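Biologist: Can you put the model up? I have some things to ask about side-chain contacts.

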Amino acid sequence: MNVRSVTLCALAASAMLLAACGGSSGDGPGPGRYDTDYRQLRWADPALEPLTNEHPPEAVSQYLRNGLRLQVSAVDNGMVEEDGVAMPDAQENAAGDFSRTNVHVEGVDEADRLKYDGRYLFVAESPQYSYHRFAESVALDDAAGDDGSVPEPAAVQALRIFETDPAQASATGVMRYTLDREADSPLVLSQLYTLEQGGTTEAVVALSDSRYYYGGWGWMGMPEIALQAGHTRIELVDVQSPENPAIRWSLEVEGTLLNSRKIGDVLYLVSRTRPHIEGLEPYAGTDEARQNNERLISSTPMSELLPGYRMDESPEQPLVREGDCYLPETLNPDEGFADIVTVSAFNLREQRLVSAICVNAYLSGLYLSLDSLYLGTHAGNWLDQKTGLHKFAIAGGEIDYRGTGLVPGALNWSDPSFSMDEAQGYLRVVTTLREDWSNPEHFLHVLREAADPDSRTLEVVARLPNEAQPEPIGKPGEDIYAVRFLGDRAYIVTFERIDPLYVLDVSDNENPSVLGELEIPGVSNYLHPVGEGYLVSVGQEADENGGFGGVKVELFDVRDDLNPVSVEAVVLGGSGSWSEALTDLRAFNFLPVGTDQLRFTVPVTRRDDYRWLDTGLFLFEVNGLTGEQATLETQAPLIVASANSSGFEYPVGGGSDRSRLHGDTVYYLHGNDIWARDWDDPESLNGPFGFNTGE
């Protein structure tokens, strides 16, 4: 019996359950009353088995509507929403003599608020990063009316374009291009891509979303933060003439933007929606309210429950239909799930939707290689955690489901995509099982597509620890803080009070092994490959009480797999010090200089016993990469704010600091401002650079 037949039989068997609901599986209301009894409904766990998009439309409809019923019922479902999405895995960076965005997978670009093409710096200016630029730059006193009232300021969303002059360690503001927004718009300009042709940027892709928006004005003019899910806007800004940018094309997608990637001209968007029906009353307490809820749920057309999209000013179109939604092969009539994760591929140059799929799941990780897309989904419960791994092949934007695997444990909390890696058709993934919260267990799993493609499964072909290699990964009580797959090797950092660095051999995907281990104080949050056989880590120093001290930058020699060595470490600041690079690899920027040297930068806010000292960009060199032993050396930092000079007790104007290297010049984005300096000359600091518009 095929999947469609099984599902139809199950639906028939469930007639008694929802008969009183007036027909819940079509695109309109059925006859009868709207009495509701949702006590027999339960949340589905869609990560536990293979998926299919071959269910009949009525089965998809009932599954989604049951999810809505569970959302508004007064029954505690025990599910925890996981909003975190990871980012894919490797490194696209240097092109010629300038650096680009540090990414996970080479060839797979990632959005960031700073983009650089070797001539122009493109900056996503946003109130998210600088409160004092939220309103148009006009003095409120001058704007006051005769009665002393001050007009409501409008939100400003702007793209800043700077032309660089690396020879002079300088830059000039070419244009501050304001994006059209309503005063009460929930959209926040968050990140950028560039669309390049022949090495020249022809357009900037601006991503705005409504996950966080600034509505109204609060105490002392500070914008109030409110949550608003469900809207993403993509704008293609033509910058072939940077002095006169213009919107070439716009795209609006229903759903909160969770993540994105770009391969060539194809933009992949990962968004999430929960169907919204105006008038639904959560936890309805009266019979009348419950009946009204059921009337709305059962009568709303599916076309209004699934997400749509709009190009330019054209009418909205469906982003996905029932046949694009991948649900578990077995649909039980008493189960439901209403979170819709959509992956859509748009060709930016051709300005069209290539394909889109949706999965009902709690997304906990995403990995995108040049060939495949993996969605990590949370399954099970806190005492029996599992991770479902759904694989999709991608080719020019066409998304094709390949299979699902299931492994115990959860992906790393800090950057789940570093926990996944694809090589020769195998997926290597690291998870943590917390049956005993005081003593988590860590595993390496290797999966591949089953020999029978009709099974739609990813089978586990190897695992560490195992019977032949029973030694655990990590000491008792240690959690995983960093994972990095690099070719035939994987590096895992665990921490409780001592930081063990484990070296794993994954050259034989079906027989991985632990090769070496190094124990040092502190913890590494981010690992970056350097030359042949070295790693740079960014982490935190551990104090004597098991807490964290300053930001720690360290160089490891891993040329001998059996005996990794710490070459040198530099600690910046004391307790309370922080760097964006601890949680976001895009804050770490680097540039190889020949074959013997690598330069890299890390933004750091230094504190001493939690008292703010200064904020700036810290410069490092790894020298002697081709010699007997490489060394870690520091240059004078680029400090742009300090407690002594500013008079402020807390750092201001920051948010997501970034940097770029071009020859001997370093550019630093702090807040919404650009600074520049010669690498070897701290006295050459220039900035912040303004515009000819009077800023």
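Modeller: This is a predicted model, and we can go through aromatic pairs, salt bridges and a surface patch.

Biologist: Aromatics to begin with. How many aromatic pairs does the count come to?

Modeller: The count comes to 19 aromatic pairs. One of them is F418 with Y526, a tilted pair with 6.0 Å centre to centre and 50° between the planes.

Biologist: Where do F418 and Y526 lie?

Modeller: F418 is in the loop between β24 (398–408) and β25 (420–423), while Y526 is in strand β33 (residues 523–530), so the pair ties together parts that are 108 residues apart in sequence.

Biologist: And are F418 and Y526 buried or exposed?

Modeller: F418 is buried, and Y526 is too. Then there is F600 with F620, a stacked pair at 5.1 Å centre to centre and 10° between the planes.

Biologist: Which strands hold F600 and F620?

Modeller: F600 is in strand β38 (residues 597–608) and F620 is in strand β39 (residues 611–623), so that pair ties together parts 20 residues apart in sequence. F600 is buried, with a relative accessible area of 0%, and F620 is buried at 1%.

Biologist: Which residues form one aromatic cluster with F418?

Modeller: The cluster is made up of F418, Y526, F588, F590, F600 and F620.

Biologist: Switching to charges. How many salt bridges are there?

Modeller: The count is 44 salt bridges. In one of them, E202 and R349 have their closest N and O atoms 2.7 Å apart. E202 sits in strand β8 (residues 200–209) and R349 in the loop between β19 (340–347) and β20 (352–360), so this pair ties together parts that are 147 residues apart in sequence.

Biologist: Why does E202 count as buried?

Modeller: Because its relative accessibility is 11%, and buried means under 20%. R349, at 30%, counts as partly exposed.

Biologist: What about E519? Which residue does it form a salt bridge with?

Modeller: K475, with the closest N and O atoms 3.1 Å apart. E519 is in strand β32 (residues 513–521) and K475 in the loop between β28 (458–464) and β29 (479–486), so the pair ties together parts 44 residues apart in sequence. E519 is partly exposed at 44% relative accessibility, and K475 is partly exposed at 30%.

Biologist: Last topic, the surface. Which residues form a nonpolar patch?

Modeller: W382, L383 and W437 do, with about 380 Å² of accessible area together. W382 is in the loop between β22 (372–381) and β23 (384–395), and it is partly exposed, with a relative accessible area of 44%.

Notes. Residues numbered from 1 in each chain as written. Predicted model: local features only at pLDDT ≥ 70, side-chain atom pairs only at ≥ 80, totals over all residues. Heavy atoms only, no water. Patch = residues over 30% accessible without salt bridge, like charges linked within 9 Å, V, L, I, M, F, W, Y side chains within 5 Å. Areas by Shrake-Rupley, 256 points an atom, 1.4 Å probe, with all protein chains shown as cover. Salt bridge = Lys/Arg side-chain N within 4 Å of Asp/Glu carboxyl O. Helix = DSSP H or I, 4+ residues; strand = E, 2+ residues; numbered from the N terminus. Buried < 20%, exposed > 50% of the residue type's maximum accessible area, 1.4 Å probe, protein only. Phe/Tyr/Trp six-rings, centres within 6.5 Å; stacked < 30°, edge-to-face > 60°.
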